[in-house]
Amino acid sequence: MGEPGQSPSPRFPHGSPPTLSALTLLLLLCGYANSQCKILRCNAEYVSSTLSLRDGGSPGGLGAEGAGRGGRAAGLGSGGLCRALRSYALCTRRTARTCRGDLAFHSAVHGIEDLMIQHSCSRQGPTAPPPPRGPALPGSVPVRSSGPPAPDPCDYESRFSRLHGRPPGFLHCASFGDPHVRSFHHHFHTCRVQGAWPLLDNDFLFVQATSSPVASGANATTTRKLTIIFKNMQECIDQKVYQAEVDNLPAAFEDGSVNGGDRPGGSSLSIRTANPGSHVEIRAAYIGTTIIIRQTAGQLSFSIKVAEDVARAFSAEQDLQLCVGGCPPSQRLSRSERNRRGAITVDTARQLCKEGLPVEDAYFHSCVFDVLISGDPNFTVAAQAALGDARAFLPDLKKLHLFPSDAGVPLSSATLPAPLLSGLFVLWLCIQ
């Protein structure tokens with residue numbers, strides 16, 4: 001990302017920029033790589049190879065891998081399914097280099113692993129024969145004609161729900177006030193971060209917050225600028241950049257548009273303002289994400305609800321994300337720094353915060369801290385709004401209220417749930 005306190009390039013937020021030769025190669029191959037990702041072909045071949053299994057069972061019976069499981073293999077022989085899954089896995093490996101950053105590809109890889117474990121498939125063994133190629137016979141009826149219509153490839157929630165019969169999982173992160181960061185892991189930190197720091201940096205989304213001291217010589221800071229990049233995604237959106245600064249919350253992306261562009265799924269990214277100049281909401285349905293940006297008391301607040309597999313789609317080089325790991329230990333305010341007094345007394349600050357935050361949780365204590373340090377009662381609104389977003393975005397309201405035990409220590413022992421190997425929703429892409 002570069003040194004904290006400097007504004008890094010959004011494209012290369014970590015470390016030094018690539019060499020000239022590497023950059024040239026990336027530019028030459030970028031369009032080619034995107035156009036050569038063959039995940040749709042892999043999906044189509046897998047579905048084609050399993051149609052006969054669904055209709056009449058495995059042509060070769062259960063085989064060794066399906067024996068002894070009785071009714072479990074009824075209607076979809078495990079032996080035949082394992083062959084199809086091995087072929088599917090082989091296809092994804094062959095196209096892995098050109099599919100990096102493709103949500104459909106990464107989700108399919110996780111889905112394959114899930115099904116192979118579920119059906120006790122070995123990684124080594126026979127594969128399914130390739131499906132016949134060539135145009136359909138004149139007058140033939142597509143296989144999907146008798147079934148329900150395929151889901152919209154740019155509607156993440158409906159695709160996931162249709163495939164799995166349940167809603168997808170979501171995560172929540174927020175940054176407000178001094179700033180206080182609530183991470184995906186339900187950790188709550190009060191940070192001293194100055195300059196540009198990434199809240200999120202994954203294959204689909206980049207969010208950077210730029211902070212400056214709340215007052216001259218103070219360690220406490222507030223967010224003055226937010227930069228959000230929605231990365232290019234085939235079929236759905238062109239790359240879009242949104243930038244907000246204090247006293248400038250535009251209701252449009254940098255290019256003046258209010259959606260994802262002219263692609264078929266362009267409407268799956270939209271921006272609207274609930275209160276011009278102080279509240280903007282961005283909905284990215286294609287990745288199951290909603291973002292809210294607010295301005296209160298001269299600072300910007302950020303809140304996000306994001307699909308689990310989108311939040312986890314990052315490499316080891318993208319390890320510095322405040323929403324993932326919280327504030328680095330060196331950037332967390334100490335107890336003595338948090339106990340500093342300003343123009344407003346503690347009792348007055350507590351009374352002001354108590355009016356909108358009756359539970360003395362992390363949001364309440366953050367409110368008291370902000371009011372004390374800034375001397376501005378309007379900071380109560382930022383904490384109240386952050387709590388309201390958490391109430392709306394958290395899938396488990398039992399984790400709504402977090403209670404601090406000490407400075408810089410996570411407020412909950414809860415961690416991210418185990419990765420949901422739910423990527424097979426992308427199989428429907430092949431029947432668009």
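Student: On what basis are the values computed?
Tutor: This is a predicted model, in which local features need pLDDT of at least 70 and side-chain atom pairs count only at pLDDT 80 or more, while totals for chains, interfaces and linings use all residues. Residues are numbered from 1 along each chain as its sequence is written, and side-chain values use heavy atoms, leaving out hydrogens and water.

Student: How many helices and strands does the chain have?
Tutor: Helices (H or I, at least four residues) and strands (E, at least two) are DSSP runs, numbered from the N terminus. Under that assignment the chain has twelve helices and eleven strands.

Student: What percentage of the residues of the chain count as buried?
Tutor: Buried means under 20% relative accessible area, exposed over 50%, and partly exposed in between, with a 1.4 Å probe and protein chains only. Of the 432 residues, the part that counts as buried is 48%.

Student: Among contacts between residues at least 6 apart in sequence, what percentage join residues at least 24 apart?
Tutor: A contact means heavy atoms within 4.5 Å. Among contacts between residues at least 6 apart in sequence, the percentage that join residues at least 24 apart is 63%.

Student: How many disulfides does the chain have?
Tutor: A disulfide is a covalent bond between the sulfur atoms of two cysteines. Here the rule is a pair of cysteine sulfur atoms within 2.5 Å. By this rule the count comes to seven.

Student: Is the link of Cys-82 and Cys-121 left-handed or right-handed?
Tutor: The sulfur atoms of Cys-82 and Cys-121 are 2.0 Å apart. The angle about their S-S bond is -75°, and the link is left-handed.

Student: How many residues apart are Cys-82 and Cys-121, which form a disulfide?
Tutor: The disulfide of Cys-82 and Cys-121 links distant parts of the chain, with Cys-82 in helix H4 (residues 78–94) and Cys-121 in the loop between helix H5 (103–118) and helix H6 (156–164). Cys-82 counts as buried because its relative accessibility is 0%, and Cys-121 is buried at 11%.

Student: Why is the disulfide of Cys-154 and Cys-236 left-handed?
Tutor: A disulfide joins Cys-154 to Cys-236, with an S to S distance of 2.1 Å. The disulfide is left-handed because the torsion about the S-S bond is about -100°.

Student: Which helix holds Cys-323?
Tutor: Cys-173 and Cys-323 form a disulfide with sulfur atoms 1.9 Å apart. The pair links parts 150 residues apart, with Cys-173 in strand S1 (residues 170–176). Cys-323 lies in helix H8 (residues 322–325).

Student: Is Thr-380 buried or exposed?
Tutor: Thr-380 lies in helix H12 (residues 379–393). Not counting residues up to four places away in sequence, Thr-380 touches Leu-352, Cys-353, Cys-367 and Val-371. Because its relative accessible area is 9%, Thr-380 is buried.

Student: What distance separates the C-alpha atoms of Ala-382 and Ser-175?
Tutor: Ala-382 lies in helix H12 and is buried, with a relative accessible area of 2%. Leaving aside neighbours within four places in sequence, Ala-382 is in contact with Phe-176, Thr-296, Gln-299 and Ser-301. Ala-382 and Ser-175 are 207 residues apart along the chain, and their C-alpha atoms are separated by 9.7 Å.
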